[in-house]
Protein chains: 4
Amino acid sequence: MATKTAPDASRRSERSRRAIYDAALALIGEVGYARTTIEGIAARAGVGKQTIYRWWSSKAEVLLEAFVDLGERNMAAAAEASGVDPAEARALPDTGDLAADLKNVLRATVDELNDPGFEIPYRALAAEGIIDRDLSARVVEQLLEPGLQLYVARLRAAQETGELRADLDPRIALELFLSPIAQRWLQGTGELSHAYADTLVEYALGGLAPR
Amino acid sequence: MATKTAPDASRRSERSRRAIYDAALALIGEVGYARTTIEGIAARAGVGKQTIYRWWSSKAEVLLEAFVDLGERNMAAAAEASGVDPAEARALPDTGDLAADLKNVLRATVDELNDPGFEIPYRALAAEGIIDRDLSARVVEQLLEPGLQLYVARLRAAQETGELRADLDPRIALELFLSPIAQRWLQGTGELSHAYADTLVEYALGGLAPR
Amino acid sequence: MATKTAPDASRRSERSRRAIYDAALALIGEVGYARTTIEGIAARAGVGKQTIYRWWSSKAEVLLEAFVDLGERNMAAAAEASGVDPAEARALPDTGDLAADLKNVLRATVDELNDPGFEIPYRALAAEGIIDRDLSARVVEQLLEPGLQLYVARLRAAQETGELRADLDPRIALELFLSPIAQRWLQGTGELSHAYADTLVEYALGGLAPR
Amino acid sequence: MATKTAPDASRRSERSRRAIYDAALALIGEVGYARTTIEGIAARAGVGKQTIYRWWSSKAEVLLEAFVDLGERNMAAAAEASGVDPAEARALPDTGDLAADLKNVLRATVDELNDPGFEIPYRALAAEGIIDRDLSARVVEQLLEPGLQLYVARLRAAQETGELRADLDPRIALELFLSPIAQRWLQGTGELSHAYADTLVEYALGGLAPR
DNA sequence: GCTTAACCGAGACGGTACGTCCAGTCTTCCA
DNA sequence: TGGAAGACTGGACGTACCGTCTCGGTTAAGC
């Protein structure tokens with residue numbers, strides 16, 4: 001039962017990998033995901049098509065890895081610039097005022113989602129993930145989950161200080177203000193503004209029923 | 001300088017339209033959206049390719065219309081069976097207990113989303129809509145908006161009875177419990193159960209902060 | 001047992017066929033048979049690859065047909081120019097002197113075989129035919145056989161006038177002087193000159209044994 | 001400015017060479033020449049591709065050498081078995097009856113050409129040789145010429161005994177009966193039987209013209 | 001009632017990209 | 001340093017669809 005003999009990763013060309021990531025992101029930005037082709041990426045990267053097929057199984061996988069790689073490089077660069085420990089740098093602020101902290105972070109998220117450079121590849125990934133469950137799982141795990149964990153940590157801290165009901169499931173709680181933003185961004189069902197983010201935090205923390 | 005002389009809709013073949021809808025939905029169910037082709041739909045429907053290109057501009061448009069058509073027929077059938085006025089049949093229940101009513105409807109929504117027959121084409125449409133803003137707008141308008149209006153109406157009623165804070169924007173308020181469900185379904189970030197729906201209603205109505 | 005539904009020859013594009021023949025012959029002349037590709041022919045002819053695959057099953061088939069077509073056009077042109085009935089124009093001369101007539105024709109054959117324009121595609125066809133028996137049969141039938149029949153006719157006439165032994169099988173007899181020429185041309189085992197052609201005729205007619 | 005530094009033949013691996021010959025002949029027999037690849041030969045021989053490229057410049061060269069090697073081994077084995085001096089063992093029989101001797105040898109040749117094991121690689125070589133003049137020269141020189149010399153010798157002997165016209169060029173004379181056989185085999189223009197061989201000898205020796 | 005314009009099924013066409021296969025080169029590690 | 005292994009660039013393969021374009025045939029309006 002020979003499984004096509006997997007390639008030897010230790011001999012992989014780093015130079016080609018980089019070139020493929022760069023070409024993929026560039027092309028997606030220029031012509032969009034649907035019109036970006038494996039052939040085009042290979043040509044732009046100065047690489048044989050087989051080199052792509054050898055290491056990735058689909059266009060979406062290339063994009064995912066390129067995206068993860070980009071994130072890692074950005075993060076490393078940011079950490080270097082600020083001189084702060086990367087792990088800590090990512091943590092959500094904790095000023096003791098949960099509402100203010102959440103609004104701050106959500107406003108930044110909204111800004112990021114509205115950034116065109118970020119938008120095209122991320123949308124493509126999201127679209128592909130909706131149909132390809134495997135890919136979706138990897139996107140969630142590698143791109144989303146780390147961010148969600150930061151929210152969970154902040155919410156738990158708030159539960160300990162009594163700012164938040166102690167019996168809440170933080171995973172579900174954070175969906176009240178995060179999912180609406182994701183939804184609007186994905187489906188374009190409404191504008192994404194700072195005011196909207198603020199409103200969500202208020203509605204979610206205060207509840208919809210009168211007190 | 002004639003603009004391509006639009007086809008004469010009055011002479012359109014109803015039989016072909018039906019066959020194309022049926023073929024499209026069947027193929028998408030059988031092989032998935034990506035592997036469904038215009039050519040395949042035409043062959044399956046016993047129709048010339050040009051007949052599709054004449055009336056629709058993309059695969060996604062065909063699917064959208066097929067889907068809308070399917071919904072209309074289902075609804076008509078349901079109305080016929082129940083003997084109730086269709087307009088009224090769709091309205092959300094109003095027992096005076098908002099929480100209970102919302103839970104009821106959300107549970108039904110969760111069940112529908114978990115129905116495999118519904119899932120594949122709807123996912124395809126959602127995925128395509130993420131990239132194609134025009135399509136997305138039509139999906140929202142034709143498939144989603146009518147449902148959302150029912151929620152808005154119910155929430156407004158609750159504001160009048162004092163069950164809900166009067167200063168709320170109902171469009172945003174309903175996102176607190178609807179978006180998390182949409183999100184989980186689209187991205188597979190968590191299970192979709194009745195219990196989850198109930199929890200969302202409780203968190204949203206009661207708020208996350210302690211009273 | 002549906003056999004892929006053969007294409008409808010009546011709707012075939014004459015313009016494409018011509019362009020493909022021309023491109024094929026041009027490319028083979030320019031870069032040789034081995035480096036001529038279907039893709040290259042299609043590009044040069046301004047034709048989709050599928051149009052080639054639809055009507056021919058291999059590069060060799062294209063070449064064969066292009067070659068036959070070329071022959072037919074040449075012949076038609078020659079007939080037109082000379083104003084003679086084409087059927088007659090091709091017949092071998094019959095001056096009553098068999099040896100002289102054969103030498104004349106063989107010398108012309110030798111000249112033709114030494115013509116570079118003719119050589120490359122014909123060699124390619126011969127080479128392919130050696131391995132592909134089907135192709136070989138078609139080459140023999142469409143390109144060689146008509147010519148051989150002319151020899152057979154001339155030899156039969158000679159048998160009737162007593163210039164040739166009456167008990168000979170003309171098909172075998174003509175091989176004595178034609179095959180050596182073919183052989184030398186194919187395998188390059190010796191020069192192809194008028195003198196050589198003359199010698200063959202003399203040896204074959206007179207026999208190798210002393211009288 | 002070193003010219004690519006030719007490999008040091010003295011350090012060449014005999015084991016690899018053998019394995020490559022065996023693999024090449026086996027593959028050509030199994031899948032035919034066109035579908036035999038350098039990569040396939042290397043894999044089958046358990047050899048690196050570079051080892052083939054180092055010592056041969058083309059697939060045809062490998063086959064030619066493998067074929068020559070096979071012939072040499074067969075001949076050595078035959079000589080060993082018969083216990084006769086190899087040089088003599090190959091000479092054409094000379095019973096004093098030229099026609100009978102030639103018929104004998106040609107019949108054996110016909111049988112050999114009809115042997116399927118011999119046919120496939122030899123045909124491949126012939127086909128390649130038609131296009132590749134260099135290869136053709138080597139095939140003629142290494143595989144054909146030795147055999148032809150034996151005929152030349154026999155014909156010269158016949159000239160001395162008066163069985164053959166003294167003024168003949170034996171190289172051309174032998175083509176009268178050998179080329180038709182080669183031709184029929186290569187192009188499949190007719191059957192290759194003992195009777196055909198006999199007829200050729202008779203026609204060639206007696207001549208086509210009546211006495 | 002007879003033309004005539006349009007839709008229709010069918011499918012050939014010029015193209016683009018697919019995913020695979022090999023050529024021939026280059027690099028690494030082993031004996 | 002020859003050889004086994006195999007990753008690399010490059011390019012052709014044969015296939016699948018794209019969206020456009022004829023080609024008869026059928027069908028419904030308008031004369």
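## Chain contacts in a predicted four-chain model

Between chain A and chain B an area of about 4200 Å² is buried, and carbon and sulfur atoms give 62% of it. On the chain A side, the residues that lose the most area to chain B are A:I130, A:Y203 and A:L208, which together make up 18% of what that side buries. The structure is a predicted model. The contact involves 44 residues of chain A and 44 residues of chain B.

Chain A and chain B share two salt bridges. In one of these, A:R184 pairs with B:E175, with 2.7 Å between the closest N and O atoms. Side chains of opposite charge can pair when their charged atoms come close. The residue pairs in polar contact between chain A and chain B number 22, counting pairs with both residues at pLDDT 80 or more.

Which elements of chain A give two or more residues to the side that touches chain B? They are helix 7 (116–131), helix 8 (133–161), helix 9 (170–187) and helix 10 (194–206) of chain A. Helix 9 of chain A gives the most, with 13 residues. By class, this side of chain A consists of 25 nonpolar, ten polar and nine charged residues.

### How chains A and B are related

### Chains D and C

A second contact joins chain D and chain C, with 44 residues from chain D and 44 residues from chain C. The buried area here is about 4200 Å², with 62% from carbon and sulfur atoms. D:I130, D:Y203 and D:L208 supply 18% of the area that chain D buries against chain C, more than any other three residues.

Two salt bridges are found across the interface of chain D and chain C. One of them joins C:E175 to D:R184, the closest N and O atoms lying 2.7 Å apart. Polar contact links 20 residue pairs between chain D and chain C, both residues being at pLDDT 80 or more. Helix 9 of chain D gives the most to the side that touches chain C, with 13 residues. That side of chain D has 25 nonpolar, ten polar and nine charged residues.

| Chains without contact | Nearest C-alpha atoms |
|---|---|
| Chain B and chain C | 14 Å apart |
| Chain A and chain D | 14 Å apart |

### Within the chains

Over all chains the structure holds 56 salt bridges. One salt bridge within chain B brings together the side chains of B:R138 and B:E61, at 2.4 Å from N to O. B:R138 belongs to helix 8 (residues 133–161) of chain B and B:E61 to helix 4 (residues 59–82) of chain B, so the pair ties together parts that are 77 residues apart in sequence.

For chain A, an unreviewed UniProt entry places the feature "DNA-binding region" at residues 37–56. Over residues 37–56 chain A is 75% helix and 0% strand, and the end C-alpha atoms are 13 Å apart.

Key: Residues numbered from 1 in each chain as written. Chains lettered and ligands numbered in written order. Predicted model: local features only at pLDDT ≥ 70, side-chain atom pairs only at ≥ 80, totals over all residues. Heavy atoms only, no water. Contact = heavy atoms within 4.5 Å. Buried area = accessible area lost by both parts, 1.4 Å probe. Salt bridge = Lys/Arg side-chain N within 4 Å of Asp/Glu carboxyl O. Polar contact = N/O pair within 3.5 Å; in protein donor to acceptor, adjacent residues only side chain to side chain. Helix = DSSP H or I, 4+ residues; strand = E, 2+ residues; numbered from the N terminus. Nonpolar A, V, L, I, M, F, W, Y, C, P; charged D, E, K, R; others polar. UniProt positions renumbered as here; feature names shortened; annotations may be inferred.
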